[in-house]
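Me: Hi! Could you walk me through this one? Start wherever you like.

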Amino acid sequence: MLEVRVLTGDDWPQWREVRLAALSEAPYAYGSTYADWVDADERQWRDRLDGPGFHNVLVLLDGAPAGIATGIPSGEPGVAELISMYVCPAARGHGVGDRLIDEVAAAAAAAGAHTLRLNVTQGNAHAGNLYARNGFHDVTPNPDPGRNGVQYERTMVRRLDRAPRSTLA
């Protein structure tokens, strides 16, 4: 059973647990590093979750933390970004990624966005396939380096007038 929780700064211990797992297990996929966050204090974690316009989602699978994602304003009118997405290895193949995307997309649409954008790092074909299955398409190769040497392979977008995957027949 999947349960969705929208997190705020008060939920920082839950976010911390999954985020550190993400940075440890898949360092190639994020602009932040494990070293950036492992010794972060409570205030840093709270500030990360309480960023202006941030929508932080935790999905539990049978009561255990299974994945996280964040939607943020892009600074471009009508466009939101999906960042910091991660699904725990034991939860993969159970719909957690689909649910995270749907939750972030719904929040972005409710905030007035018409497009959800994300970047996929080089070598992360599984993520690219998940995003494509959820209605994202490539808009351009992304040759710009990310933070901490992360290399983005491509940028993908999804129109937010598309029905969530969970309601498609």
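**A helix and its neighbours**

Reply: Happy to! In α3, the buried residues are Trp45, Arg46, Arg48 and Leu49. Buried means under 20% relative accessible area, exposed over 50% and partly exposed in between, with a 1.4 Å probe and protein chains only. Do keep in mind that this is a predicted model: local features need pLDDT of at least 70 and side-chain atom pairs count only at pLDDT 80 or more, while totals for chains, interfaces and linings use all residues. Residues are numbered from 1 along each chain as its sequence is written, and side-chain values use heavy atoms, with hydrogens and water left out.

Me: Tell me about α1, then. At what angle do α1 and α3 pack?

Reply: Helix α1 (residues 12-25) packs against helix α3 (residues 42-49) at about 90 degrees, and their axes are 10 Å apart. That makes α1 roughly perpendicular to α3, a label for angles of 65 to 115 degrees (under 35 is roughly parallel, over 145 roughly antiparallel and the rest oblique). Axes are lines fitted to C-alpha atoms, for helices over the stretch in contact, and angles run from 0 to 180 degrees between N-to-C directions.

Me: Which residues meet there?

Reply: From α1 come Trp12, Trp15, Arg16, Arg19 and Leu20; from α3 come Glu42, Trp45, Arg46, Arg48 and Leu49. Contact means heavy atoms within 4.5 Å. The residues of this α1 and α3 contact divide into five nonpolar, no polar and five charged.

Me: Switching topic: how many residues are in the largest nonpolar core?

Reply: It has 26 residues, and those with the most contacts inside it are Leu82, Met85, Leu100, Leu116, Tyr131 and Phe136. A nonpolar core is a set of buried Ala, Val, Leu, Ile, Met, Phe, Trp, Tyr and Cys residues joined through side-chain atoms within 4.5 Å. Two or more residues come from each of β2 (55-61), β3 (64-73), β4 (79-87), α4 (96-110), β5 (115-121) and α5 (125-133). Helix α4 gives the most, with six residues.

Me: What does Leu82 touch?

Reply: Leaving out residues up to four places away in sequence, Leu82 touches Ala69, Thr70, Ile101, Val104, Leu116, Arg117, Leu118, Tyr131 and Phe136. There is also a second, separate core of 19 residues, which includes Trp12, Trp15, Val18 and Ala40.

Me: Now α5. Which of its residues are buried?

Reply: Ala127, Gly128, Leu130 and Tyr131 are buried in α5. Their arc around the axis is only 160 degrees, which puts them on the same side of α5. Ala125 and His126, on the other side, are exposed. Just after α5, Gly135 takes a positive phi of about 90 degrees.

Me: Last one: where is Gly53, and what is it in contact with?

Reply: Gly53 is in the loop between α3 and β2, and it is exposed, with a relative accessible area of 56%. Apart from neighbours within four places in sequence, Gly53 is in contact with Gly71, Ile72 and Pro73. The C-alpha atoms of Gly53 and Pro73 are separated by 6.2 Å, though these residues are 20 apart along the chain.

Note on methods
Helices (H or I, at least four residues) and strands (E, at least two) are DSSP runs, numbered from the N terminus. Ala, Val, Leu, Ile, Met, Phe, Trp, Tyr, Cys and Pro count as nonpolar, Asp, Glu, Lys and Arg as charged, and the others, Gly among them, as polar. The arc is that of the directions from the helix axis to the C-beta atoms.
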